[in-house]
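Please look over the model below.

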Amino acid sequence: MLTWLISTSLRLRVAIVALMAMVLVVGFRVVSRTPMDVFPEFAPPYVEVQTEVPGLSTAEVEALVTVPIENALNGTAWVQTIRSKSVMGLSSVVLYFKQGVDIQAARQMVQERLSLAAESLPNVAKPPVMLQPLSSTSRALKIGISSETLTQMEMSSLAKWIIRPRLVSIPGVANVAIWGERDRQLQVLVDPDRLRANNITLAEVEQAAGDAVELTGGGYLDTPNQRLAVSHISHIKTAEDLAQVVVAFRNGYALRLGDVADVVEGFEAPIGDAIINDGPGILLIVEKQPWANTLVVTRNVEAALDALRPGLTELDIDSTIFRPAGFIEMSIKNLNRALLYGCILVVIVLAFFLYDWHTAVISALAIPCSLIIAALILHYRGGTINTMVLAGLVIAIGEVVDDAIVGVENVMRRLRLNRAEDNPESSFEVVLRASVEVRSAVLYGSLIVVLVLIPVFFLPGLSGTFFRPLALSYILAILASLLVALTLTPALCLIMLPRASLHPKDSPLVYWLKRGYQVVLPCLIKHPNWAILIVVLVLGAAGVTIPLLGEEFLPSFKEFDFLMHFVEKPGTSVEAMDRITIRASKELRSIPGVRNFGAHIGRAEVADEVVGTNFTELWVSIDPQVDYDTTVAEIKEAVEGYPGLYRDVLTYLRERIKEVLTGTAATVVLRIFGPDLAVLQEKAKEIAGAIGEIDGIIDLHVQPLTMIPQVEIKFRLEAAAQFGLMPGDVRRAATTLVKGAKVGEIYEGQMVFDCVVWGTPEVRHDITALKELVIDTPTGGHVPLGQVADIYVAPTPNQITREANSRYIDVSCNVARRDLGSVAREIEAKVEAIDFDTGYHPEILGEYAERQNSRNRLLAVAVLSALGIFFIVYSDFASVRLALLLMLCLPIALTGSIFSALFSGGVLSLGSIVGFVTVLGIVGRNGIMLISHYRHLETQENMPFGEELIVRGAMERLSPILMTALTTALALLPIVIGGNRPGQEIEHPMAIVIMGGLVTSTLLNLLFMPALYWKFAKPKSK
């Protein structure tokens, strides 16, 4: 098969070169249009169902809405976890599906079950709504709107009816949530005493207001020749118009709405708010669809805003409060620069080693061809170009060029020997035989790389979604380089090398390296026990070092958008949170480098935040030109100046990762499950007290399960019967006066505004006023609400959270000054010492749990992968001794990775572990190439097994091994030097680990492997 492919490529060499040139040209054009993102989609597909239940307490929402919906959705195909949250007036149920599930099919399954569940919900519940499909990083843009001349209500009208429709129409936009919305209403504010004085009932007011704004069709007027539509034009446009509507006639005098009530323009009681740069405003949050390109959506939204600006001159529109596209652009730019610099350095290394432009060109062409082919495959698979994909391609640069180097060097050597023969063969035959000689070893080496990286594909959850694209792009690049080495490289060799100068002279660099190598190598071969002793000592030092290394899941990301959570006591009003947020805005904006500020308080309609008015999310963006660490430290210092409330400082991606792992924005989460809220709260406080003294824990937080006051109205049937009142009469009257009742709508062009009847602020400001509310009786009399109902204050939970059909409460914390692993192990020990009643149990979640799960899965699959590598090596060498020799050398190569991790901070992240896996692939590949060359010299060139064979084989593999190591190292050098730049936060520790492993793997293959081969290998039987 390999011989046929190579010979066909040689015969069709011109076509192969032309085809590869076309692939390069087309590939660059196609790849440039591939969607870009900072990370692969790391959240599992999910569907969120929200149900508005106005007026119901948290406990009622859970019992009457959340639990029935959960029960209906349990057992939905492909569901892994169901989480729910119940707050006052709102239920949220989120279903998380298995990775890879088609989101549209999942939504269809949910919709089918949801339609049945809706029938069992109470009448007060609005129809359940499935939110638009969103991704882990769905928030594409946060747009702050403020004005010096317009009110918040006027800004809301512009945002809702002009800006939002335009943005929602953009392809890829899933939703535009509006925080701080103050929808204009025409309000008829009634006072029961004033109605009684005018002998008007509440029902008459509702009837009059509703009739005044009712929209009806007028039918048709048919004439002999045509039909004319009849339309009733409403004259109600303003509060003054509505105030002139007649309610009733008394003593021949028309009583108008304005005579018996206050008719005003206003807005309903807010469920949230927005603060933009020190004052009230509107915050638009643009959410993209999971499959949408963040960069394209962002640029289209910004273009739409620019088009709207001439008609919105009174608004100050700031679309830079949160713009993740900036981080994506910066990250991709940094990694592209690293990729470009790496390629340039690799070409320089080839030039210094090969010392011939023909061989350098042939070898260097393997880089763009392999990378483009890999990128094309990723593109047509529907993937995105992200930092993990680019990291895989960067790491693969040294390996992809190695295939070409091995082939070109062997062809050059064979052509040189053939030219010296008396009867030289044709160049075709020489190139064919030389290419076939090394291809089996290259094939086996590539298979080893694939097997080494297979465990990455079995990583669970978030870890797998992060690192699978890296492993896939790396493997595709390696396999593409194998294809190039079997087709393009032989074709170019046959075209370019027969007429090239085939002088045996090495480059000056290789000459000096070989001179030194020729001195050192024989000494090691003569004393192999010294090599074994050195290897044992290095392994022992590495074993001692491993316990000193700390652990973390993922490093901090160097983003320039920061979010802070401010959580006050449950029940805190919107106005109180406004005051705190405005103060924080002024303080944060005074920090040099902070460009702007935006915050959203509470929640918005049909948005993904299910919180109370005590919850605020503050956002600032900082100038990339300022000193990053200093500015972040000042932001954290400012936030710490707000004691008495829960607060934290996070970057967006960090917060999203934590949210996906646990549903909270903390690094370590202790989730306590059980049925009784009081017991859960008691255990949560006990755990918080036990772990609070552990060094390294910051932001310790117990989920605020607080009993907040709630006014309850209990109808007294016997007392109401004396006045002829039914429960519905009392409930409707009280609801209208306290909550308000919509009686119609006002239409102005495309804009629609509600018309409501509501009680005046004086009659709904406290419980005493509520008791004195006057209820109309069927007999024309009036009775205070307090006489027909018991009105009292009772406690109710501020929120109830559930997972897997059980209530839970979280104790969460972040980690600083110490590594995550050591802190998490201390937490585990403290929790294990606490007793739990039957039906209650804790679970440790978050980044540490995810890291442990991923590490255990990686190690388990790595054992199977190692067995596969062993059998591949055995099938090539047909020797158990040589296969075991290569397998034992793999851990030796990792010692450099361990030492480099220790000296670069002493903390292993999941990226570092993947770096270890990559080193194994490199050393295994180089090891099999070296041993295969020894076997070739012995079996094909009939060299006797001995010191001369060992030295010659090592000398001939010196340049390829050094070039492989140097090209890989130099490809990674820009990432190592660049440090934790945006987009390189995961790749930087990975690159350091690989660089350290390259040092030891190169020394192993060049110095110790020849000595060990001399010690343990046996002559090949003739």
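1. Helix α19 (residues 574-589) has 16 residues, and at 1.5 Å a residue it should span 22 Å; its end C-alpha atoms are 22 Å apart, so the two agree. The expected span is 1.5 Å times one less than the number of residues. Helices are DSSP runs of H or I with at least four residues, strands are E runs with at least two, and both are numbered from the N terminus.

2. On conventions: this is a predicted model, in which local features need pLDDT of at least 70 and side-chain atom pairs count only at pLDDT 80 or more, while totals for chains, interfaces and linings use all residues. Residues are numbered from 1 along each chain as its sequence is written, and side-chain values use heavy atoms, without hydrogens or water.

3. Which residues of α19 are buried? They are V574, A576, M577, D578, I580, T581, A584, S585 and L588. Buried means under 20% relative accessible area, with a 1.4 Å probe and protein chains only. Residues three or four places apart in an α-helix point the same way, because there are 3.6 residues a turn. The cover over the buried residues of α19 includes β13 (272-276), β18 (561-567), β19 (594-602), β20 (615-622) and α20 (628-639).

4. Strand β31 (residues 806-815) has 8 of its 10 residues buried, so the rest of the structure largely encloses it. β22 (residues 668-673) pairs with β31 in the antiparallel sense over 6 bridges; L670 has V811 as its bridge partner. Pairing requires at least two DSSP bridges between two strands.

5. β23 (residues 697-702) is also antiparallel to β31, over 4 bridges. Here I697 stands opposite V815. β30 (residues 799-803) runs antiparallel to β31 and is joined to it by 3 bridges, with T801 partnered by Y808. β30 and β31 form a hairpin with 2 residues between them. Check A804 in that turn: its phi is positive, about 55°.

6. There are 3 cavities of 30 Å³ or more.

7. α6 (192-197) and β27 (774-776) each supply at least two lining residues, and α6 has the largest share, 3 residues.

Conventions: Buried < 20%, exposed > 50% of the residue type's maximum accessible area, 1.4 Å probe, protein only. Contact = heavy atoms within 4.5 Å. 1 Å grid on protein atoms, 1.4 Å probe; cavity = no way out; pocket = protein on both sides within 12 Å on 5 of 7 lines; lining within 4 Å. Points joined across faces, edges and corners; volume = space filled by probe spheres on them.
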